[in-house]
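Subject: A structure for you to look at

Hi,

Here is the structure I promised to pass on. Have a look around first, and then read on for what I found in it.

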Amino acid sequence: QVQLVESGGGLVQPGGSLRLTCAVSGFTFSTYAMSWYRQAPGKERELVASLNPPPGSTNYADSVKGRFTVSRDNAKNTVYLQMNSLKPEDTAVYYCHARPYYFGSRTYWGQGTQVTVSS
């Protein structure tokens with residue numbers, strides 16, 4: 001059974017940091033591109049960051065470049081999103097997403113974790 005379980009969300013003040021974790025099971029993690037998306041109230045879901053299998057090229061939304069870092073630990077089947085210098089506009093539900101990189105078309109989503117940036 002495929003599972004993507006996010007954790008690490010919460011309430012943080014502007015300028016603060018959070019690290020999101022997505023623990024994966026049920027498929028060959030090392031062959032999947034992993035991404036983080038977010039969806040704020042009343043807005044469409046948007047791509048925040050993505051990370052391909054090793055050597056691991058990355059892609060970031062312009063709004064988070066220089067503040068967020070995506071990484072993965074293939075030994076632990078886990079992907080992370082380190083979020084620094086958080087802003088109120090980063091408030092959203094953050095979702096983990098898996099896409100096969102070499103072959104196949106089945107994609108997977110996590111259930112989401114709420115991040116709220118507020119003083």
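In this predicted model, the side chains of D90 and R67 meet in a salt bridge, with N and O 2.8 Å apart. By salt bridge I mean a side-chain nitrogen of Lys or Arg within 4 Å of a carboxyl oxygen of Asp or Glu. D90 sits in the loop between β8 and β9, and R67 in the loop between β6 (58-60) and β7, so this pair ties together parts that are 23 residues apart in sequence. In general, side chains of opposite charge can pair when their charged atoms come close.

Are these two residues buried or exposed? D90 is buried, at 0% relative accessibility, and R67 is buried too, with a relative accessible area of 11%. Here buried means under 20% relative accessible area, exposed means over 50%, and partly exposed is in between (1.4 Å probe, protein chains only). The areas themselves come from the Shrake-Rupley method with a 1.4 Å probe, and for residues only the protein chains shown count as cover.

D90 has another partner: it also forms a salt bridge with R38, where the closest N and O atoms are 2.9 Å apart. R38 lies in strand β4 (residues 32-39) and D90 in the loop between β8 and β9 (92-100), so here the parts tied together are 52 residues apart in sequence. R38 counts as buried at 6% relative accessibility. The side chain of R38 also meets that of E46 in a salt bridge, at 2.7 Å from N to O. E46 is partly exposed, with a relative accessible area of 34%.

Strand β3 (residues 18-25) pairs with β8 in the antiparallel sense over 6 bridges, and C22 has V79 in β8 as its bridge partner. Strand β7 (residues 68-73) also runs antiparallel to β8, joined by 6 bridges, and the bridge partner of D73 in β8 is T78. Two strands pair if DSSP finds at least two bridges between them. β7 and β8 form a hairpin with 4 residues between them, and N77 in the turn has a positive phi of about 55°. While you look at the strands, remember that in a regular strand the side chains alternate between the two faces of the sheet.

Now the whole protein. It has 0 helices and 11 strands. Both are DSSP runs numbered from the N terminus: helices are H or I with at least four residues, strands are E with at least two. The C-alpha trace spans about 45 × 25 × 25 Å along its principal axes. Buried residues make up 43% of the 119 residues. The protein exposes about 6300 Å², and carbon and sulfur atoms supply 47% of it.

Some notes on reading the numbers: residues are numbered from 1 along each chain as its sequence is written, and side-chain values use heavy atoms, with hydrogens and water left out. In this predicted model, local features need pLDDT of at least 70 and side-chain atom pairs count only at pLDDT 80 or more, while totals for chains, interfaces and linings use all residues.

Enjoy exploring!
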